[in-house]
Amino acid sequence: MDTGSVRANQRDTGPVRPAAAGAGIAGLVAAAAEGDRRAVARLLSLAENNPAGWPELSAALTAHAVHAGPARPAQIVGLTGPPGVGKSTTTAALARAFRDAGRRVGVLAVDPSSPVTGGALLGDRIRMTELAGDPGVFVRSLASRGQLGGLALATAQALRVLGAAGYDLLLVETVGVGQAEVDIAALADTTCLLLAPGAGDGVQAVKAGLLEVADILVVNKSDQPGADRTVADLTAMLRLGRRTPQADGPGPGVVRLAAVHGQGIDILLGRITDHYQWLVASGELGRRRLARARGEIRTLALATVRARLADPAMEAALAALAGAVVDATIDPARASERLLSAAWSPPADASTD
């Protein structure tokens, strides 16, 4: 059984307003916008557990935004890095710092799912229990459910829900990732890459991947041996020209952090703030969000394709086509075209209007 929706709602237990009790999606969106934490939790569960319902959820969120009038979109900060680097501790410390600055903070923490049961421990949420008493912070874990790239498939929809609920600073903590999992860079306004002392030598530091797309490089656990070497390697990498893709943008720089002791959090917060101000002033924020919208449209389109192909009738067609491929009476490419054509063919009694 997938434990994501069960454990993730354990502390989101604010008062239930009438709009949230037994309401449809539009009613839940309205209640969430008024501060109903249970409505927020229910919408997040819908986003995570029912991809086929994303079009309805997306339409309700957009309709509410149009009705409520223009509002400044939430700022999204991504925190990524290899397992054990201290992402959860850093995320919790940043959430507290942004709260002290008067922001309403939403946190999405992606946890790996079991390949056997499909469930997830949701340990990241356990590490953030100190935030539980703050009504201005909403923490939700998402199970990765086999999704590659460091994020859960529902992450983009979950961010829209939290934005509609009035959380103006959103922190996204990825599952532990390697060098090639760069999906967070397409989703966040600012991407922070966390590394730890001893993470690799100078050759590791100049490899392509996350290091090229990160906006801020963070050496966490900098109170441990080897931190100076890691900072030096990353600084040398930056001098060689590996920096943000924007030629006129600020280089990511290196921030030293000991998150468990709270050391360097104020510097990291200031660097995030400076980077966001540059995004706004340069117009890069608009370009990034346009690219994000393209990605969300593509994700919704693919979700629709998956839903149609999961229909029992399509399973029967797939089995027949697979047999034909094995018998060499059709090639796989043409078989896939036939399957897609069958999925989009109108029913025999459908209107031709």
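Glutamate 284 is buried, at a relative accessible area of 8%. Buried here means under 20% relative accessible area, exposed means over 50%, and partly exposed falls in between (1.4 Å probe, protein chains only). The model is predicted: local features need pLDDT of at least 70, side-chain atom pairs count only at pLDDT 80 or more, and totals for chains, interfaces and linings use all residues. Residues are numbered from 1 along each chain as its sequence is written, and side-chain values use heavy atoms, with hydrogens and water left out.

Glutamate 284 makes a salt bridge with arginine 287. Their closest N and O atoms are 3.0 Å apart. A salt bridge is a side-chain nitrogen of Lys or Arg within 4 Å of a carboxyl oxygen of Asp or Glu. Both residues belong to helix α13, three residues apart, or about one turn of the helix. Residues three or four places apart point the same way because an α-helix has 3.6 residues a turn. Arginine 287 is partly exposed, with a relative accessible area of 47%. A network of salt bridges links Asp215, Glu284, Arg287 and Arg288.

## Other salt bridges

The structure holds 11 salt bridges. One of them joins aspartate 189 to arginine 289, with 2.8 Å between the closest N and O atoms. Aspartate 189 sits in the loop between α8 (183-187) and β5 (190-195), and arginine 289 in helix α13 (residues 284-309), so the pair ties together parts 100 residues apart in sequence. Aspartate 189 is buried, at a relative accessible area of 0%. Arginine 289 also counts as buried, at 17% relative accessibility.

Arginine 229 and aspartate 233 form a salt bridge of 3.2 Å, N to O. They are four residues apart in helix α11 (residues 227-239), a separation of about one helical turn. Arginine 229 counts as exposed, at 52% relative accessibility. Aspartate 233 counts as buried, at 15%.

## Buried polar side chains

Glutamate 48 lies in helix α3 (residues 37-49). At 6% relative accessibility, glutamate 48 counts as buried. Its side chain makes a polar contact of 3.4 Å with the side chain of arginine 140. A polar contact is a pair of N or O atoms within 3.5 Å; within protein, one must be able to donate a hydrogen and the other to accept it, and residues adjacent in sequence count only if both atoms are side-chain atoms.

Threonine 174 lies in the loop between β4 and α8. Threonine 174 counts as buried, at 1% relative accessibility. Leucine 108 is 66 residues from threonine 174 in sequence, and the two are 8.4 Å apart in space, C-alpha to C-alpha.

## Helix α5

Helix α5 covers residues 87-100. At 1.5 Å a residue, its 14 residues should span 20 Å, and the end C-alpha atoms are 20 Å apart, which agrees. The expected span is 1.5 Å times one less than the number of residues.

α5 is mostly covered, with 10 of its 14 residues buried. Among the buried residues are Lys87, Leu94 and Phe98. Glycine 102 follows α5 and has a positive phi, near 90°.

## Overall fold

The protein has 15 helices and seven strands. These are DSSP runs, numbered from the N terminus: helices are H or I, at least four residues, and strands are E, at least two. Of the 353 residues, 45% are buried.

Contact means heavy atoms within 4.5 Å. Among contacts between residues at least 6 apart in sequence, 74% join residues at least 24 apart. The protein exposes about 16800 Å², and carbon and sulfur atoms supply 58% of it. Accessible areas come from the Shrake-Rupley method with a 1.4 Å probe; for residues, only the protein chains shown count as cover.

## Confidence

The mean pLDDT of the protein is 80, and 76% of the residues score at least 70. pLDDT is the predictor's confidence in each residue, from 0 to 100. Among the elements, strand β4 (residues 169-173) has the highest mean pLDDT (95) and helix α1 (residues 4-7) the lowest (34). The pLDDT is below 50 over residues 1-22, a stretch with 60 contacts in the model beyond near neighbours in sequence.

Where pLDDT is low, the predicted coordinates should not be read in detail.
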